[in-house]
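Subject: Structure handover

Hello,

Here is the structure I said I would pass on, with my notes below it. Please treat it as a predicted model.

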Amino acid sequence: MAASEKRQESGTLLTVIIAFTANALVAAAKSVAAVLTGSASVTAEAAHSWADTGNQVFLFLAERRSRRPRDKSHPMGYGREAYVWSMFAAFGLFTAGAVVSILHGIQQIIEPEPASDFLVAYVVLAVAFVLEGVSFVQAFRQTRAAARELDRNTLKQVLISSDPTLRAVFAEDAAALVGLVVAFAGVFLHQVTGSALPDAVGSIIVGVLLAVVAVVLIDRNRRFLVGQGVTPDIEQSMARRILEHRDIARLTYLHLEFVGPRKLYLVAAVDLQGDHPEHEVAVALRRIERELEDHETVEEAVLTLATPDETALRF
């Protein structure tokens, strides 16, 4: 495994561990504050943090199980397990976070309850913002580093990255920070106006925010599970790598598909340099396949011979 890939995987695992620790501490604090204050927004935030904490377990499993080396039963490896477990985490965010928050907010509108101990809510929300901020900074740094390697901006990397674990942590932490601001506004307006309505609306807004994030994460994982193609920049990079090989004269077909985080299945039709007997060509193709698989992102490479009438691809 290449050094850069090892750094990315260890960085993702560290990001998950930091997120789990921060979310567990925040969830406990928010739960205490929700009981003491009776605030709908704080209760929604508590549900949000417990959902995030549980999700980190799924993301940890996604990271660990997707690393297993391929075997006879899984010739393309276990990389897609990352999308399965990340999908579970996204569903957890939707049900345990979004649905609970929205329903609690609606209940507060129908049967409003008074809130008290607003200072406790403010202190807990402030501490939560700091802890969530630490987790978000870690996710942002790792995402930005990956984006720089591919010459992308950070937000684009979040949306199209093949790493579902990092995307989930980044999105959940960003949503958590926005949710905390909404919850603070809801508590403040509740205190100032004496009405539970702003607090309840804050709970619903937090729930809707979590639902949107969850749906986006579910859709991204779905795309990779059914066979997500690569972006043009990755296709061009891999095509150039093939064409730069000393034994390859032309490239007429290229298929690239993600089979896991940062893992590609490569199929290509090529024309070899010179004119060699059939047995030598077969040996050469197998050798080039193994050399391509030495690249940190290529899980499996399959090469076939191009026919003379096929048009060469230009990159």
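The largest nonpolar core in this predicted model has 26 residues. Leu59, Val169, Leu210, Val213 and Leu217 have the most contacts inside that core. Two or more core residues come from each of these elements: helix H1 (3–37), helix H2 (40–65), helix H3 (81–110), helix H4 (118–149), helix H6 (164–193) and helix H7 (197–225). Val213, one of the core residues with the most contacts, touches Leu93, Ala171 and Ala175, leaving out residues up to four places away in sequence. There is also a second, separate core of 25 residues, which includes Ile234, Met238, Val270 and Leu292.

Next, the packing of H3 and H7. Their axes come within 7 Å and cross at roughly 160 degrees. An angle over 145 degrees counts as roughly antiparallel, so H3 and H7 are roughly antiparallel to each other. The crossing of H3 and H7 is left-handed. The contact between H3 and H7 is made up of 25 nonpolar residues, nine polar and one charged.

The last item is Arg152, in the loop between H4 and helix H5 (154–160). Is Arg152 buried or exposed? Its relative accessibility is 11%, and the cut-off for buried is under 20%, so Arg152 counts as buried. Apart from neighbours within four places in sequence, Arg152 is in contact with Ala147, Gln157, Ile160, Thr231, Asp233 and Ile234. Of these, Asp233 lies 81 residues from Arg152 in sequence, while the two are 9.6 Å apart in space, C-alpha to C-alpha. Ile234 is also among the residues of the second core.

Regards

Methods:
Residues are numbered from 1 along each chain as its sequence is written. This is a predicted model: local features need pLDDT of at least 70, side-chain atom pairs count only at pLDDT 80 or more; totals for chains, interfaces and linings use all residues. Side-chain values use heavy atoms; hydrogens and water are left out. A nonpolar core is a set of buried Ala, Val, Leu, Ile, Met, Phe, Trp, Tyr and Cys residues joined through side-chain atoms within 4.5 Å. Buried means under 20% relative accessible area, exposed over 50%, partly exposed in between (1.4 Å probe, protein chains only). Helices (H or I, at least four residues) and strands (E, at least two) are DSSP runs, numbered from the N terminus. Contact means heavy atoms within 4.5 Å. Axes are lines fitted to C-alpha atoms, for helices over the stretch in contact, and angles run from 0 to 180 degrees between N-to-C directions. Angles under 35 degrees count as roughly parallel, over 145 as roughly antiparallel, 65 to 115 as roughly perpendicular and the rest as oblique. A crossing is left-handed if the near helix is turned anticlockwise from the far one by less than a right angle, and right-handed if clockwise. Ala, Val, Leu, Ile, Met, Phe, Trp, Tyr, Cys and Pro count as nonpolar, Asp, Glu, Lys and Arg as charged, and the others, Gly among them, as polar.
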